[in-house]
Amino acid sequence: MLTLDELRKYGADVDSGMARCMNNEAFYLKLVARSVGDATFEKLRTSIDENKLDEAFEAAHSLKGVLGNLSLTPIYDPVVEITELLRSRTEMDYTELSEKIFSKRDELAAICE
């Protein structure tokens with residue numbers, strides 16, 4: 001079950017995320033739960049798999065904003081890293097970073113159940 005304590009254990013900066021949501025716990029938890037199913041995650045995965053770096057950058061940049069506002073640090077940090085690499089159109093194997101992002105997203109999804 002999704003709670004502030006579970007998010008803290010996960011590594012989220014709950015206090016910062018809550019502050020951005022006017023300390024409305026129900027609203028914050030709703031946004032966190034909704035973020036897990038964001039279709040932009042799949043756009044990122046598909047774009048990386050197809051080596052479409054511009055599209056992957058757009059997806060990563062969008063996720064960076066959402067995850068940053070919610071202070072979901074365990075996913076946010078690797079998304080920031082991949083965003084900057086994609087911004088500079090770095091030709092590389094993004095598998096490891098992608099797997100880290102999706103692993104942390106899946107971990108959060110399990111908390112949200």
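Among contacts in the protein chain between residues at least 6 apart in sequence, what share joins residues at least 24 apart? In this predicted model, the share is 59%.

The protein chain holds 7 helices and 0 strands, and a walk along the sequence gives the pattern α-α-α-α-α-α-α. The C-alpha trace spans about 40 × 25 × 20 Å along its principal axes.

Next comes the surface. Of the 113 residues, 40% count as buried. The accessible surface of the protein chain amounts to about 6,100 Å², with 49% of this area belonging to carbon and sulfur atoms.

Ser88 sits in the loop between α6 (73-87) and α7 (95-112). Which partners does the side chain of Ser88 have? A polar atom of this side chain lies 3.1 Å from the backbone oxygen of Leu85, and a polar contact of 2.8 Å links the side chain of Ser88 with that of Thr90. Ser88 can also be placed relative to Phe57, which is 31 residues away along the chain: the C-alpha atoms of the two residues are separated by 9.3 Å.

Notes:
Residues numbered from 1 in each chain as written. Predicted model: local features only at pLDDT ≥ 70, side-chain atom pairs only at ≥ 80, totals over all residues. Heavy atoms only, no water. Helix = DSSP H or I, 4+ residues; strand = E, 2+ residues; numbered from the N terminus. Buried < 20%, exposed > 50% of the residue type's maximum accessible area, 1.4 Å probe, protein only. Contact = heavy atoms within 4.5 Å. Areas by Shrake-Rupley, 256 points an atom, 1.4 Å probe, with all protein chains shown as cover. Polar contact = N/O pair within 3.5 Å; in protein donor to acceptor, adjacent residues only side chain to side chain.
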